[in-house]
Amino acid sequence: MLPREMYKGLTRKLVLAFDVGTTFSGVSYCVLDPGEVPVIRGVARYPAQHYGGDCKIPSILYYDLQGNVRAVGAEALQEHIIEQAEDEGWVKAEWWKLHLRAKHLATSHIRDGDIPPLPQGKSAVEVLADLMRYLFQCARTYIQESHFNGWRMVENPIEFVLTHPNGWEGQQQQQIRRAVELAGLISSKEEQSHVHLLTEGEASLHFCVTSVIASDVFQGVIVIDAGGATIDLSAYSMKLSPTSSEEIAPAECSMQGSVFVTSRARALLQKKLSGSKSYSGPKIIAHMADIFDKTTKVRFHKPDEPSYIRFGVIRDKDTQYNIRSGQLKLAGFDVADLFKPSIEAIIEAFEQQRRVASASINLVWLVGGFAASDWLFAKLQEYFLPQAISFYRPDAHVNKAVADGAVSCYIDHLVFYRVARFTYGIESFIPYDSQDPEHEVRQHKSFIDATGQLCVREYFEIILLKGTQVSELHEFRKSFQKIRKTLAGCMSHSSELLCYRGTLQEPQWLDSDRSSFTKLCTITADLREVSRTLHQSKCYKIEYDVIVLFGHTELKAQISWKEKVRDSFSLIHFLADRERYTGC
């Protein structure tokens, strides 16, 4: 375990980390007291949860017909709540986090019917806010009941750490920040500085380093966070004496978490029981799938033995469909097939990371709720051990790895270098070169700019290349210029930051793989003050730098400039002052 130093701050501070998952959610926290060694704790009591039970609650909410929250978490599973929900027409929100998923992730295996619809009039961001508010209330109550002075010891603004899948980007991160505001965790946009976003992969690494890893040096380690919806893989080189860590390959994220094993099980049940008069209805199929999710899926470990879904009472019987004494018999090999796409996705992502990693991989850790599956662990162990790769999962509490690790990340901050997952740049144009074949085939896209020079459009100017290792403070900048014919055109300038997700190593033209380019954000510079210093001229040349900062979980983009006017030619040269755009 990592020896942790005393907290060197001058005042007490509370750190709250939220792990909001597709199926389960939880909170971990730490009270930072000056001069004392921080201790990370989990909120271990929730309403209707068994005493001393799990540190997580189901990510389930019930809404009434007016859109009000009526029950959350373990409370939503109580029999009287379920009865009241049926009587009063409440709407159950589950797996709602899938509505927030990043669109670029491969989701061809997800059908519309696999994701329950959102309650009418509610967005996924609003549901996220409702659950965050509930988790915060539970955390507050737990701290009040578990610590001397309770909540009164919280003197300063709370530091919130929110985790998200490796594959989530700017749009999803902005949705999380919006949900934090809606939940009332912060009172103004200015307090967003107390909200810290973190990938689940990096949080899991911190959990493993601070909680379970004992060896001193690893060439390379991959942490597999197998959760409800996503499976995140993160690769790092690590040294524990002294402690240091850096990302050595782009993070991977696959939409093949445990809920999709259950989804495939539901499809299997529908197919197998389609001819049954008593057991083919949607309600009984949904009930069987729920039992499979909670018991059969977790216990499964041998494909040569049958598995059972105990869904009813002893009089439930239909021998034609292998139903006896209230349980459905499934062939073990059929159940094994339900896991196969998830296992293959993990192996494929692992091999992709191993191919591009800057260090050889000799250790793999498996964490997350899905890690509790003995079959998943056994199949991955079968793959890794013959390759002399050590493969482990923590003895317990694998489902609290993200929440605990998120607090650790705030306290210990072990990762200082990250790897760009994609290539980022700006659409531009360049002078036409008749000797260049690439220009010749795009002659129909050529034009004469304001200075009379022949140029060609749709050139992709790369600022940050995929696979580049980036330190937290390193800036990637590229110089650009624009020609404007009027002073009015010099009042402001905007640039769109583009992301390339395709397979080309160094894409140069947007039309070479157009579908793989997506707009991340628009960066805007307010030049009104600068334009007032300009003299009347036939045209104006604007020179500026676009800067990308990638050292933290959230990518940031900026335009920078220095104000300067030349007598011979009106010129704005951007170099020093920064206009920051927070939407990236």
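**Entry 1: α7 and α8**

I started with a helix pair: the axes of α7 and helix α8 (residues 374-384) come within 10 Å and cross at roughly 40 degrees. I noted how axes work here: they are lines fitted to C-alpha atoms, for helices over the stretch in contact, with angles running from 0 to 180 degrees between N-to-C directions. Helices (H or I, at least four residues) and strands (E, at least two) are DSSP runs, numbered from the N terminus.

This is a predicted model, where local features need pLDDT of at least 70 and side-chain atom pairs count only at pLDDT 80 or more, while totals for chains, interfaces and linings use all residues. Residues are numbered from 1 along each chain as its sequence is written, and side-chain values use heavy atoms, with hydrogens and water left out.

Back to the pair: α7 and α8 are therefore oblique to each other. For the wording, under 35 degrees is roughly parallel, over 145 roughly antiparallel, 65 to 115 roughly perpendicular, and the rest oblique. I also put down that α7 passes α8 in a right-handed crossing.

Which residues meet here? On the α7 side I found Ala336, Phe339, Ile343, Ile346, Ile347, Phe350, Glu351 and Arg354, and on the α8 side Trp375, Leu376, Lys379, Leu380, Tyr383 and Phe384. Contact means heavy atoms within 4.5 Å. By class I get 11 nonpolar, no polar and 3 charged residues for α7 with α8. Ala, Val, Leu, Ile, Met, Phe, Trp, Tyr, Cys and Pro count as nonpolar, Asp, Glu, Lys and Arg as charged, and the others, Gly among them, as polar.

**Entry 2: α5 and its two partners**

Next I followed α5. Its axis and that of helix α7 (residues 332-356) come within 9 Å and cross at roughly 140 degrees, and α5 and α7 are therefore oblique to each other. The crossing of α5 past α7 is right-handed. From α5 come Val261, Arg264, Ala265, Leu268 and Lys272, while α7 brings Asp334, Leu338, Phe339, Pro341 and Ser342. I logged the classes for α5 with α7 as 6 nonpolar, 1 polar and 3 charged.

Then α6: the axes of α5 and α6 come within 9 Å and cross at roughly 135 degrees. That makes α5 oblique to α6, and α5 passes α6 in a right-handed crossing. In this contact α5 uses Ser258, Val259, Val261, Thr262, Ala265, Arg266, Leu269 and Gln270, and α6 uses Ile285, Met288, Ala289, Phe292, Asp293 and Lys297. These split into 8 nonpolar, 3 polar and 3 charged residues.

I checked two spots in this region. Ala267 sits in helix α5, and at 28% relative accessibility Ala267 counts as partly exposed. My cut-offs are under 20% relative accessible area for buried, over 50% for exposed and in between for partly exposed (1.4 Å probe, protein chains only). The C-alpha atoms of Gly281 and Gln270 are 8.6 Å apart, for a chain separation of 11 residues.

**Entry 3: the cores**

How many residues does the largest nonpolar core have? I read 54, and those with the most contacts inside it are Leu16, Phe18, Trp96, Met132, Phe160 and Leu162. A nonpolar core is a set of buried Ala, Val, Leu, Ile, Met, Phe, Trp, Tyr and Cys residues joined through side-chain atoms within 4.5 Å. Among the elements that each supply at least two residues are β1 (13-20), β8 (159-164) and α5 (258-272). The largest share, 14 residues, comes from α2. Apart from this core lies another, of 48 residues, including Ile248 and Ala371.

I looked up Phe18 too: leaving aside neighbours within four places in sequence, its contacts include Met132, Phe160 and Leu162.

His413 has phi near 45 degrees, positive in a residue other than glycine, and is in the loop between α9 (401-412) and β19 (415-419). Glu458 has phi near 65 degrees, again a positive value in a non-glycine residue; Glu458 belongs to strand β22 (residues 454-464).

Note on methods: Left-handed = near helix turned anticlockwise from the far one by under 90°.
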